[in-house]
Each structure stands twice: as C-alpha cells, then as structure tokens.
Amino acid sequence: MAVLYRVRSLHHLSKCISTKILPRRFYSAQVSSQFETVGFIGLGNMGSRMANNLIKAGYQVAVHDINCNAMKKFSDIGAATKETPTEVAEASDVVITMLPTSSHVYDVYTGPNGLLYGGNLRPRLFIDSSTIDPQTSRKLSTIVSNCTLKEQKEDHWKKPALLDAPVSGGVLAAEAGTLTFMVGGSEEAYMAAEPLFLSMGKNTVYCGGAGNGSAAKICNNLALAISMLGVSESLALGQSLGISASTLTKVFNSSSARCWSSDSYNPVPGVMEGVPSSRNYDGGFASKLMAKDVNIAATSAKEVGLRCPLTCQAQEIYTELCEDGHETKDFSCVFRHYYSGKNEI
C-alpha cells in the first residue's frame with residue numbers, strides 16, 4: 001500500500017530543522033502516492049541504473065532513449081518504452097531526465113517531440129538530473145512554470161514545476177542507490193519529490209531556487225577536477241624525490257592533504273584496488289565529461305565576472321587530455337599522461 005505523503009506537513013517540518021540535508025529513509029512502500037508513474041529519459045551509464053532502482057522501488061516506469069538497445073533492456077524487464085519524449089510525458093505523473101549536455105536537455109524539453117509539446121501537460125513535476133549550466137536550468141524552469149496542467153487534482157499543484165537535481169557518486173553509487181542529489185527549485189516540489197530521490201540515492205541537499213542545484217554540481221566537479229590535478233602532481237613529485245606513491249598516499253590520508261582524490265579515487269596505478277587507475281583508467285568518469293563540466297564552470301565564472309585562474313588552468317589541461325585521444329578514459333588518467341612520463345594509456 002502506498003505511503004501517504006503529506007507535502008505540507010513535511011514542508012512545515014523542514015522549517016523546524018536547521019539543515020536541508022535529508023538522509024535516506026526506508027519506507028514500507030517507497031512509491032509516492034503523488035507520482036505512481038514515472039517517465040525516465042536518458043538510459044546511459046547513470047540513467048539506466050537510476051531508472052532500474054525506481055522499478056525496484058515499485059514505480060511504474062516508462063522510458064525513452066535514442067539508443068534502441070538501451071530501451072530493449074528495459075522492455076525485457078517489463079518497463080514501457082516510448083518513441084518520443086512527448087509520449088513519455090503523456091504516460092507519466094513525473095518525468096526525470098538524465099542527459100549529456102545542456103543542448104540535449106533543452107531539445108528534449110522544448111523540441112518538436114519534446115516533453116512540453118502543446119503546453120498543456122499531464123506531468124506535474126519534471127526533474128532534470130543532467131549536469132548542465134545553471135542558466136539553462138533557470139530558463140527551462142520558467143518555461144515549465146508557464147505551462148498548464150491537463151488535470152487539476154485536489155492537491156497543491158496549480159501548475160507544473162521543474163527541479164534541477166544533478167547527482168554525485170558516479171556509476172557505482174547509481175548502481176547501489178547511494179547517490180547524493182543537489183536540488184534547485186521550489187522547496188515544496190523538492191519535498192514532494194523526496195521519495196523519488198531516496199529510491200535512487202541516500203542523500204538529498206536542497207540548494208535553493210531554480211538553477212542552484214546545477215550551480216552546486218558544477219562547483220563540486222570543479223573542485224574535484226582541480227583536486228585531482230593537485231594530488232596527481234604531488235604524487236608525481238614525491239616519486240621523483242624517492243617516495244613511493246603508496247607511502248605518500250598514507251601520509252596524505254592521515255594528514256591535511258587528505259581528499260577524495262587521494263583516499264577514494266587514487267590516480268596512481270597499483271595504489272588502490274577497484275578504481276579506474278587499477279584497470280588502465282577504463283570505466284569511471286570520462287575525461288570528456290570532466291572537460292565539459294570545467295568548461296561550464298569557466299563560462300559561468302566569466303558571465304559573473306569572477307577571476308578563476310585555477311579553473312582556466314584546469315580547463316586547458318583537461319581539454320588537451322581529450323585532444324590527445326584520452327576523452328573516453330577516466331579523468332584520473334591525467335596522472336599518467338602529464339606526470340608519469342607515459343603519454344600512452
């Protein structure tokens with residue numbers, strides 16, 4: 001039996017606590033009574049795993065992807081497959097998108113077969129978990145809010161809403177359902193979407209108004225990109241000075257240099273098992289995606305007039321890494337390409 005989810009009472013509760021970080025909860029039935037049918041567009045490495053977790057949680061899921069093989073995997077397990085985003089919207093109470101770039105997202109929403117086609121919509125909520133620029137997220141939020149709902153129900157939804165909700169954790173967290181969602185948009189819509197987020201992840205962080213989730217994600221990935229360069233350069237210097245990477249990593253991880261790039265995603269082959277550096281940098285987070293995110297950060301900084309010299313240096317390095325043929329390798333391959341003297345990966 002679906003758990004009754006009272007948005008207004010939870011909204012009131014949120015005002016009584018100082019933090020907006022919500023840990024994963026275990027519901028007797030995780031399906032939100034507001035959103036029993038979920039559309040999901042974008043069945044890549046991340047999206048396919050997120051959609052699968054929604055199915056496991058008991059949601060009726062309709063999917064779409066330009067890759068027919070990706071859709072077949074879902075039709076084989078009983079999920080509805082749709083030919084266009086418009087068809088997904090017509091079959092869904094809420095639609096989640098997980099797409100590569102801002103232009104892909106904009107086209108899926110506003111294109112001739114897009115989610116918003118006709119402007120009179122069935123879905124009351126749209127959630128974009130793509131990593132895109134905050135400006136596009138804010139523009140789409142305005143467009144969605146200017147649409148109308150086909151059916152007015154006895155709830156708080158007077159018009160459709162969009163949440164920008166990119167994720168952190170990568171493919172392994174998507175598989176395990178332990179993602180963190182960074183969410184921008186209406187706080188009331190955020191609270192309503194909580195059961196959906198917690199069917200795919202373990203934490204959600206409300207970041208404020210429209211576009212703030214996208215802004216948080218870009219800043220997070222920028223910090224990661226720069227920290228990976230710092231860790232790689234430091235470990236390379238240590239090796240040149242006669243300290244093994246394993247020994248120096250132990251120093252880092254018990255000292256002030258400790259960070260995710262040193263203790264969870266070490267870039268030096270042989271130091272840590274189960275990370276891309278242990279398998280010739282295959283899998284993980286592609287260098288071309290990191291380059292894209294750093295480019296978004298650099299563009300955003302320019303738009304607001306903020307001087308960001310490290311961002312510019314990182315942009316140059318990751319762009320060159322891709323141009324040298326390593327765009328599909330994990331971004332931690334920057335260690336071998338730049339610092340170990342082995343430019344072939």
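A residue counts as buried here when its relative accessible area is under 20%. D293 has 3% relative accessibility, so this residue counts as buried. The model is a predicted one, and the cut-off just given will be handy for several of the residues below.

**The chain as a whole**

The protein chain holds 15 helices and twelve strands. Of its 345 residues, 50% are buried. The accessible surface of the chain amounts to about 15900 Å², and carbon and sulfur atoms account for 54% of that. If you look at contacts between residues at least 6 apart in sequence, 66% of them join residues at least 24 apart.

In soluble globular proteins, nonpolar side chains tend to be buried together. Here the largest nonpolar core has 41 residues, and F40, M50, L125 and I127 are the ones that touch the most other members. Helix α8, residues 187-192, gives the most to this core, with four residues.

Setting aside neighbours within four places in sequence, L125 is in contact with F35, D93, V94, V95, W157, A161, L163, A189 and A193.

**Two helix pairs**

Two packed helices are described by the angle between their axes and the distance between the axes. The table sets out two such pairs.

| Helix pair | Residues | Axis distance | Axis angle |
|---|---|---|---|
| α5 and α6 | 102-110 and 134-145 | within 11 Å | roughly 5 degrees |
| α10 and α14 | 212-240 and 309-326 | 10 Å | about 75 degrees |

For the axes of α5 and α6, which cross at roughly 5 degrees, the angle makes α5 roughly parallel to α6. On the α5 side, the contact is made by S102, V105, Y106, Y109 and T110, and on the α6 side by T136, K139, L140 and I143. By class, this contact of α5 with α6 has five nonpolar, three polar and one charged residues.

The other pair packs at an angle of about 75 degrees, and that makes α10 roughly perpendicular to α14. Helix α10 brings L222, A225, I226, M228 and L229 to the contact, while α14 brings L310, T311, A314, I317 and Y318. The residues of this contact of α10 with α14 divide into nine nonpolar, one polar and no charged.

**V105 in helix α5**

V105 lies in helix α5 and is buried, with a relative accessible area of 0%. Leaving out neighbours within four places in sequence, V105 is in contact with L99, D128, S130, I132 and L140. L140 is also one of the α6 residues in the contact with α5. V105 and I41 are 64 residues apart along the chain, and their C-alpha atoms are separated by 9.8 Å.

D293 sits in helix α13, residues 287-304. Not counting residues up to four places away in sequence, D293 touches T131, I218, N221 and F285.

A291 is also placed in helix α13, and is buried too, with a relative accessible area of 7%. Beyond residues up to four places away in sequence, A291 touches Y318, T319 and C322. A291 and E320 are 29 residues apart in sequence, yet 9.2 Å apart in space, C-alpha to C-alpha.

Most residues other than glycine have a negative phi.

N280, at 31% relative accessibility, counts as partly exposed, whereas Y281, at 0%, counts as buried.

Key:
Residues are numbered from 1 along each chain as its sequence is written. This is a predicted model: local features need pLDDT of at least 70, side-chain atom pairs count only at pLDDT 80 or more; totals for chains, interfaces and linings use all residues. Side-chain values use heavy atoms; hydrogens and water are left out. Axes are lines fitted to C-alpha atoms, for helices over the stretch in contact, and angles run from 0 to 180 degrees between N-to-C directions. Helices (H or I, at least four residues) and strands (E, at least two) are DSSP runs, numbered from the N terminus. Angles under 35 degrees count as roughly parallel, over 145 as roughly antiparallel, 65 to 115 as roughly perpendicular and the rest as oblique. Contact means heavy atoms within 4.5 Å. Ala, Val, Leu, Ile, Met, Phe, Trp, Tyr, Cys and Pro count as nonpolar, Asp, Glu, Lys and Arg as charged, and the others, Gly among them, as polar. Buried means under 20% relative accessible area, exposed over 50%, partly exposed in between (1.4 Å probe, protein chains only). Accessible areas come from the Shrake-Rupley method with a 1.4 Å probe; for residues, only the protein chains shown count as cover. A nonpolar core is a set of buried Ala, Val, Leu, Ile, Met, Phe, Trp, Tyr and Cys residues joined through side-chain atoms within 4.5 Å.
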